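Subject: A structure for you to look at

Hello,

I am passing a structure on to you today.

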Amino acid sequence: MHRLRPAVGGASGSGTASLLPTPLTPVDTTGAGDSFNAGYLAARLTGAGLDAALQQASALAAKVILHSGALLHCVSFDCGFSRSVLTA
């Protein structure tokens with residue numbers, strides 16, 4: 001079992017935030033880091049704060065590692081995630 005480490009984010013002038021990951025049994029970790037970064041950047045670029053951005057990043061990376069391959073196979077843009085974080 002791997003030791004869980006918190007995700008930590010920071011931005012100039014807004015402090016830092018951390019979030020412990022949800023313990024999961026990954027199927028394939030390919031793309032986990034890229035997915036985390038994409039989720040974080042998408043949230044920040046749409047106005048989310050550090051806490052919300054880390055939560056979105058973690059949720060997206062978690063979804064990616066639960067199946068084989070680096071891409072989510074979904075029809076909608078958000079793959080079942082709430083758009084409220086993206087539009088906050």
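S35 counts as buried because its relative accessibility is 9%, where buried means under 20% relative accessible area, exposed means over 50%, and partly exposed lies in between (1.4 Å probe, protein chains only). You will find S35 in helix α1, which covers residues 32-45. Setting aside neighbours within four places in sequence, S35 is in contact with L60, A61 and V64; contact means heavy atoms within 4.5 Å.

A word on how to read all this: the model is predicted, local features need pLDDT of at least 70, side-chain atom pairs count only at pLDDT 80 or more, and totals for chains, interfaces and linings use all residues. Residues are numbered from 1 along each chain as its sequence is written, and side-chain values use heavy atoms, with hydrogens and water left out.

Now the overall picture. The protein has three helices and two strands, in the order β-β-α-α-α from the N terminus. Both kinds of element are DSSP runs numbered from the N terminus: helices are H or I with at least four residues, strands are E with at least two. Of the 88 residues, 26% are buried. Looking at contacts between residues at least 6 apart in sequence, 56% join residues at least 24 apart.

Next, the helix α2. This helix has 16 residues and reaches 23 Å from its first C-alpha to its last, close to the 22 Å expected at 1.5 Å a residue; the expected span is 1.5 Å times one less than the number of residues. Buried residues in α2 include L60, A61 and V64, the three that S35 contacts.

The largest nonpolar core holds eight residues: A17, Y40, A43, A48, L50, A53, L54 and A57. Two or more residues of this core come from each of α1 and α2 (50-65), and α2 gives the largest share, four residues. Such a core is a set of buried Ala, Val, Leu, Ile, Met, Phe, Trp, Tyr and Cys residues joined through side-chain atoms within 4.5 Å.

Lastly, confidence. The mean pLDDT (the predictor's confidence in each residue, from 0 to 100) is 74 for the protein, and 66% of the residues reach 70 or more. Over residues 82-88 pLDDT stays under 50, and the model has 14 contacts beyond four places in sequence for them.

Best wishes
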